[in-house]
Amino acid sequence: MTITATPTPGKSLVSPSDHTLILIDFQSQMSFATKSIAPELLRNNAALISRAAKSFGVSTILTTVAEKSFSGPMFDEITDAFPGQKLLDRTSMNTWEDAAVIEEVNRIGKERIIFAGLWTSVCIVGPVASAIDQGFDVYFIADACGDISEEAHERAVQRMIQLGAKPMTSLQYMLELQRDWARTETYDSTTGIAKEFGGAYGLGIKYAKSMFGASEGGH
């Protein structure tokens, strides 16, 4: 049997309309003990995925744990991207056990869920395992998660992969949403986010545009 290739994306690639992004417990108290990733990199990556989700109109749920009584506010890098959006505060460590969060998941109605947050081994493993058990297609953004040690983060990542979750990185998430530089409606936003939060890749964009007027996709 001959296989015929077609210029169409794989079904496992994410698009802006096919998933819900759930950002969990990006809060001061949780970040104090996070040692698997530098705090400035964590904040940068949280900002990158938040702005990407906002730019592409991704359905996004923001949730905190004990915001007023213990853990503190969610990172400004996230809330600034979603001005006025309600934060769903919980008592449960496992976001998937919170009725208000699940009500929002069901209201949005997407079968693909992408998670990021603190800590990987508790606040991410819990909902990832629970969502998979209920039949959802689950991804997590590994470098927008953190834990109390590299060991804790890596064992959690391994466990989630064994359960069937698919790992991504922050920049990968944004570029997978764009996926074609000919998509003019999001080109400027995507490259703008990359220039601000994309590290060396962003510097490369600045250099190419400043020195040569270069751009992808003929823009």
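Predicted model: local features only at pLDDT ≥ 70, side-chain atom pairs only at ≥ 80, totals over all residues.
Let's begin with the backbone. Look at the loop between β4 (112-117) and α6 (120-133); Trp119 sits there. The peptide bond joining Leu118 to Trp119 is cis. Its omega is about -20°.

Next, two residues with positive phi. Go to the loop between β1 (19-24) and α1 (28-32), where you will find Asp25. Asp25 is not a glycine, yet its phi is positive, about 55°. Is Asp25 buried or exposed? Its relative accessibility is 0%, so Asp25 counts as buried.

Now Arg179. This residue is in the loop between α8 (170-178) and α9 (184-197). Arg179 has 32% relative accessibility, so it counts as partly exposed.

On to charges. Side chains of opposite charge can pair when their charged atoms come close. How many salt bridges does the count come to? Seven. I'll walk through some of them.

Take Arg43 and Glu77. They form a salt bridge, and the closest N and O atoms are 2.7 Å apart. Arg43 belongs to helix α2 (residues 39-56) and Glu77 to helix α4 (residues 76-79), so this pair ties together parts 34 residues apart in sequence. How accessible are the partners? Arg43 is partly exposed, at 44% relative accessible area. Glu77 is buried, at 17%. The cut-off for buried is under 20%, so Glu77 falls inside it.

Move to Asp137 and Lys166. Here the closest N and O atoms of the salt bridge are 2.6 Å apart. This pair links distant parts of the chain. Asp137 is in strand β5 (residues 137-141), Lys166 is in strand β6 (residues 166-168), and they are 29 residues apart. Asp137 is partly exposed, with a relative accessible area of 21%. Lys166 counts as partly exposed too, at 29% relative accessibility.

Keep that pair in view. Asp137 and Lys166 are linked with Asp18 and Arg112 in a network of salt bridges.

The side chains of Arg155 and Glu151 meet in a salt bridge, 2.9 Å from N to O. What separates the two along helix α7 (residues 150-163)? They are four residues apart, so about one helical turn lies between them. Arg155 is partly exposed, with a relative accessible area of 37%.

Last topic: the core. In soluble globular proteins, nonpolar side chains tend to be buried together. In this model, the largest nonpolar core has 60 residues. Which members touch the most other members? They are Phe26, Ile78, Phe115 and Tyr173. Helix α2 gives this core its largest share, eight residues.

Zoom in on Phe26. Leave out residues up to four places away in sequence, and Phe26 still touches a list of others. Among them are Leu42, Ala46, Pro73, Met74 and Phe75. Ile78 is also on that list, as are Ala116, Gly117 and Leu118.

Notes:
Residues numbered from 1 in each chain as written. Heavy atoms only, no water. Buried < 20%, exposed > 50% of the residue type's maximum accessible area, 1.4 Å probe, protein only. Salt bridge = Lys/Arg side-chain N within 4 Å of Asp/Glu carboxyl O. Core = buried A, V, L, I, M, F, W, Y, C linked by side-chain atoms within 4.5 Å. Contact = heavy atoms within 4.5 Å.
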